[in-house]
Amino acid sequence: ESETTVQETEEYHTIIKNTEQGKGPTDKHEFQAETRKLLDIVAKSLYSDKEVFIRELISNASDALERLRYLQLKGEIAGDEKTTLEIHIATDDVKKTFTIQDTGIGLTRNELIDNLGTIAKSGSKAFLEHLKEESAGDVGRTLIGQFGVGFYSTFMVGDTVEVYTRSYHANSPGLKWTSDGSGTYEVSEADGVQRGTKIVVHLKGDCYDFAKEDVISGVVKRYSNFVGVPIYLNGHRVNILQALWMTDPRDVTETMHEEFYRFIANAYDKPRYHFHYKTDAPLNIRALFYVPEYKPTLFDMSRETDSGLTLYSRRVMIMAKANNILPKWMRFIRGVVDSEDIPLNLSRELLQESALIRKLREVLTNRVLRFFADQAKKEPEKYMSFYDDYGLFFREGIVTTADQNQREAVAKLLRFESSKSSSGERISLDDYASRMKAGERNIYFLAAPSRHLAETSPYYEAFRKRDIEVLFLYEAYDELVLMNLAQYDRKNLRSIENELHDDKENT
Ligand SMILES: Nc1nc(Cl)c2cnn(Cc3ccc(Br)cc3F)c2n1
């Protein structure tokens, strides 16, 4: 893959021409009952962010192009139709129309009719059930994308919608579909239709803003910067970076990582770690995480600002600062999570309580911990430098996590000096455990301001004689952390200050 495709020269390029011309008989169709119910609800829903229709249409167009790209890769597309894969959007402030056109796989006449029906059928039952729970007014935000009814959202802003489409299947006729979203729609053949789909939304009086280029530009830039295909608005390219998290890690250069990191983290330094994570079970996840080079100041640590990952669903952005995808103590991590299992219109409230997000958090948290554990093995020096700069977050992680397994997974990353390490050298709890004498059940530690004071401490004397290793903790908070941790790998964490009394009692 080439470097990030930031356009140097601003070429004008559009595929939107008004060549389409309906012809021949027009079939009138009644919407199926469910579809009609659905349209009424969506069209009448008064919820706030009507701009969701733009995201939905871009998402549909992007899917149509991805599917075509896949078919092209499989060699199933006739050579002649090798047009480029792109999305074009045009606004007309005079006609008050919003137009989006893609060069994707397009729809056949049956798909036109079936798709509308199936989306409604599959979507509407679940949609309507869900609706009873949701406050009706809020029907849009959380449910539109979830039930694949994206296309219908055009009827929130449009009083008439025209669709011109031609399927990639050989000898497919151009088609025209039109409806005002009330009860019926019409289908006829049409000339001058390019392969793919073009949707012309004739905007309602209170939605004329969506005929303004700068309004649309803002929305597209905010939500679709990483859709994997070029998006043009009135002939100008508007999306820039490619979705690095979808790119094969082997094809991503350090420079591309730096540029992408700076873009998403709104930072000027470079990443000291980057970490690509892709899985399809138990969830579909494409994630790309970064740890900043520069050490967070105490001020940074306390702030929540610009923390939070950017959340995508199939390259379409859902949330800019999703700050509870990872646990709070991992807020130093920057990056992107893309999961097609996340509904396009995830709301902040859904983000809080959804079981899907909880699962996502668990999978990602464990994977991040494993990444750091691997890095500690692979590049110990680099890890110790990272630990010196970011170790406080790990301490916070232990005292703020309830699940003991996860606490121990974080504790695995801690490093301490010990009576058996040379001055300055630090060991892990696993190192300590691996050289405990047989029968020993405790991991001992001693809090002291310095190595010298630890080694000359009366508490330590008895352990030196018995040649039992003791971790030396020079920071007061480490003593609190180990006391809070209490257990590690089925061993008890014990301060040797308490042990001394036991001895006295025993003697
Ligand atoms: N851009 C695009 N490309 C393709 Cl291939 C499809 C397939 N379904 N949809 C959604 C949709 C659009 C119009 C109408 Br009428 C019905 C409908 F379901 C698509 N949109």
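Biologist: How many aromatic pairs does a search of the whole structure find?
Modeller: The search finds 34 aromatic pairs; rings of Phe, Tyr and Trp (its six-membered ring) pair if their centres lie within 6.5 Å, with planes under 30 degrees apart counted as stacked, over 60 as edge-to-face and the rest as tilted. This is a predicted model, where local features need pLDDT of at least 70, side-chain atom pairs count only at pLDDT 80 or more, and totals for chains, interfaces and linings use all residues. Residues are numbered from 1 along each chain as its sequence is written, and side-chain values use heavy atoms, with hydrogens and water left out.

Biologist: Why is the pair Phe372 and Phe386 stacked?
Modeller: The ring centres are 4.7 Å apart and the planes are at 15°, so Phe372 and Phe386 count as stacked.

Biologist: Which helices hold them?
Modeller: Phe372 is in helix H10 (residues 355-378) and Phe386 in helix H11 (residues 380-400), 14 residues apart. Helices (H or I, at least four residues) and strands (E, at least two) are DSSP runs, numbered from the N terminus.

Biologist: Is Phe386 buried or exposed?
Modeller: Buried, at a relative accessible area of 0%; Phe372 is buried too, at 2%. Buried means under 20%, exposed over 50%, partly exposed in between (1.4 Å probe, protein chains only).

Biologist: Switching to strands, what is the order in the open sheet of five strands?
Modeller: E15-E17-E16-E19-E18, with mixed pairing. Two strands pair if DSSP finds at least two bridges between them. Strands E15 (417-418) and E18 (487-488) are the edges.

Biologist: How many bridges join E16 to E17?
Modeller: Four, between parallel strands E16 (residues 442-447) and E17 (residues 470-473). Phe445 has Leu471 in E17 as its bridge partner.
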